[in-house]
Amino acid sequence: MEEYRSHAHLVSSCKYHFVWCPKYRHPVLGVVEDDVRELFGETADHFGHEILALEIADDHVHLFVQCDPKHSPADIARQFKSYSGKHLLERNPEIRESYFWGGGFWKVGYYVGTTGAVSEEVVERYIEETEHAPE
């Protein structure tokens, strides 16, 4: 895992922790865990994300991902959820019939938190203590 990503005109460290659940919080992820891992890996490869950690419980997933700053957290959640949800239902018609008759695999909502190389206190202190040239 690289701490920073270097781009043409910037250096970034954008890391997000996501949590989301299947619709109705059905405990079905244990059955499709291998598919989830594969589909999340394909999504990360396609969009240039790096999965730093992935934990799959029966009724929710934790995804820790590093990405380029051109992708908003909302974009990232949509990328992972839409691709995997579509393919999970196609690959597992028995789950669709039993649990997801209304369409869609994932709940609409999700949790996202940011992480960084420095704490809030360090950034605040840096801004307060740095001498700025007069405008």
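The following legends describe close-up views of a predicted model.

Local features are given at pLDDT of at least 70 and side-chain atom pairs at pLDDT 80 or more, whereas totals for chains, interfaces and linings use all residues. Residues are numbered from 1 along each chain as its sequence is written, and side-chain values use heavy atoms, with hydrogens and water left out.

**View 1. Overall arrangement of the predicted protein.** The protein contains four helices and six strands; helices (H or I, at least four residues) and strands (E, at least two) are DSSP runs numbered from the N terminus. Along the sequence these elements follow the order β-β-β-α-β-β-α-α-β-α. Of the 135 residues, 35% count as buried, where buried means under 20% relative accessible area, exposed means over 50%, and partly exposed lies in between (1.4 Å probe, protein chains only).

**View 2. Crossing of helix 1 and helix 2.** The axes of helix 1 (residues 33-47) and helix 2 (residues 73-91) come within 9 Å and cross at roughly 140°. Axes are lines fitted to C-alpha atoms, for helices over the stretch in contact, and angles run from 0 to 180 degrees between N-to-C directions. Helix 1 and helix 2 are therefore oblique to each other; angles under 35 degrees count as roughly parallel, over 145 as roughly antiparallel, 65 to 115 as roughly perpendicular and the rest as oblique. The crossing of helix 1 past helix 2 is right-handed, a crossing being left-handed if the near helix is turned anticlockwise from the far one by less than a right angle, and right-handed if clockwise.

View 3. D35 and R91 meet through their side chains in a salt bridge of 3.1 Å, N to O. D35 lies in helix 1 and R91 in helix 2, so this pair ties together parts that are 56 residues apart in sequence. A salt bridge is a side-chain nitrogen of Lys or Arg within 4 Å of a carboxyl oxygen of Asp or Glu. With 18% relative accessibility D35 counts as buried, whereas R91, at 34%, is partly exposed. D35, E38 and R91 are linked in a network of salt bridges.

View 4. The whole structure holds six salt bridges, including the two shown here, E33 with R37 and E90 with K86. The closest N and O atoms of E33 and R37 are 3.0 Å apart. Because they are four residues apart in helix 1, E33 and R37 are separated by about one helical turn. E33 is partly exposed at 26% relative accessible area, and R37 is partly exposed at 34%. In helix 2, E90 and K86 are likewise four residues apart, about one helical turn, and their side chains meet at 3.0 Å, N to O. E90 is partly exposed at 48%, as is K86 at 49%.

View 5. R78 belongs to helix 2 and is partly exposed, with 47% relative accessibility. R78 and V108 are 30 residues apart in sequence, and their C-alpha atoms are 9.5 Å apart in space.

**View 6. Nonpolar surface patch including Y126.** V118, V122, V123, Y126 and I127 form a nonpolar patch on the surface, with about 460 Å² of accessible area together. Patches are made of residues with over 30% relative accessible area and no salt bridge, like charges being joined within 9 Å and nonpolar side chains (Val, Leu, Ile, Met, Phe, Trp, Tyr) within 5 Å. Accessible areas come from the Shrake-Rupley method with a 1.4 Å probe; for residues, only the protein chains shown count as cover. Y126 sits in helix 4 (residues 120-129) and counts as exposed at 57% relative accessibility.
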